[in-house]
Amino acid sequence: MKVIHFGAGNIGRGFIGKLLADANSQLTFTDVNQPLIDQLEHQQSYQVHIVGQENRIEKVQHVHAINTNDPKTIEYIATADMVTTAVGPQVLEKIAATLAQGIVLRNKLNNQRALNIIACENMVRGTSQLKRHIFSLLPQEIHQWVEQHIGFVDSAVDRIVPPMDAANDDPLAVTVESFSEWIVDQTQFIGNIPTIDGMELTDNLMAFVERKLFTLNTGHAITAYLGQRYGHQTISDAINDPKIHAIVKCAMEESGQVLVQRYGFNADQHQQYIEKILNRFANPYLKDDVSRVGRQPIRKLSPEDRLIKPLLGTFEYQLPNDNLIIGIAAALHFRCSSDPQAIEMAELIKENGIYQTIIELCGLQQYPHIVDKICAQYELLKLSNK
């Protein structure tokens, strides 16, 4: 199986790239970081440090790399069996042009083999969004051909991959936790579905997308925001603070009740899933900075993301939400001088006030009593020790 993977960063190498390489695919990474590409193409291998209760090092071998702007990337797409991405939600639109050119060439070559494209991003239905970007760039006359020969497969991904220690002398080595989850929508494939260890198939993807969003993402974000507020540097330090642990766990249980109501998850099994995630946050080998996890707060406070979407679910099913509200208030306090969204959010609060900022970012204008509660928690957190 010939695969081209967009994104040769830590997540690309440590998660999806590793699974694809372990499946003995003919894997080529593509990225705009030329020094990284040069190093990958030179070594054609790298080490993955897997940390948890038992630490081990696994070597990924027989990989290739090419710059995304190299015309050969378009040729690779035209002949590939699968395209995957780990570039970040904001970058999907930027790679759409390259993918569209590759698809046009594939059509011109009359390549009838199935191609499946899977965006492995921390977002809901990322591949469907990527498909819209690509189709807006394709000639109308090949749209039907593309629908017949190219699958756009949505997925849910979960693995914590923090930045490597800057002191590490191997620029390609990457550290990951032992847990990983890659769930794909089996109904969207064209042709035969490849067998890849670590890739799980489902015909109800949204249940697992929201399980991850409402549990891992919700808890991770609240841990980061409260962690910064209470002066902690890393996620593991923050979650080991009893007052933070209690709020995060209760917030995840509040969002979990929404999932149980909406999708029929077993309540006891979901509680075990919450406990597993709390243990992942506490992994001392993952030196994950709270400012990295908390970045892009405007996106994370949007109505379809990890804080407001579960909150809206509690309204739908008339469920408790006090701890989710604390987490949202903590997110509004997030500050990071290197994150444009954190800077923009701080300016909005300064110019428009906290109430209007909540309305603008979270879309809660229909719930003024909830906005009042968030404002009250925001003011309480002002009094907390930094």
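Contact means heavy atoms within 4.5 Å. Keep in mind that this is a predicted model, where local features need pLDDT of at least 70, side-chain atom pairs count only at pLDDT 80 or more, and totals for chains, interfaces and linings use all residues. Residues are numbered from 1 along each chain as its sequence is written, and side-chain values use heavy atoms, with hydrogens and water left out.

**Exercise 1.** Work out where Asn 283 lies and which residues it touches.

*Solution.* Helices here are DSSP runs (H or I, at least four residues), as are strands (E, at least two), numbered from the N terminus. Next, leave out residues up to four places away in sequence; Asn 283 then touches Val 51, Gly 52 and Ser 236. Finally, Asn 283 counts as buried because its relative accessibility is 9%; buried means under 20% relative accessible area, exposed over 50%, partly exposed in between (1.4 Å probe, protein chains only).

**Exercise 2.** Classify the aromatic pair of Phe 135 and Phe 152.

*Solution.* Grab the rule: rings of Phe, Tyr and Trp (its six-membered ring) pair if their centres lie within 6.5 Å, and planes under 30 degrees apart count as stacked, over 60 as edge-to-face and the rest as tilted. That gives 6 aromatic pairs. Phe 135 and Phe 152 are 6.0 Å apart centre to centre with 65° between the planes, making them edge-to-face. Phe 135 belongs to helix 5 (residues 126-135) and Phe 152 to strand 8 (residues 150-153), so this pair ties together parts 17 residues apart in sequence. Both Phe 135 and Phe 152 are buried.
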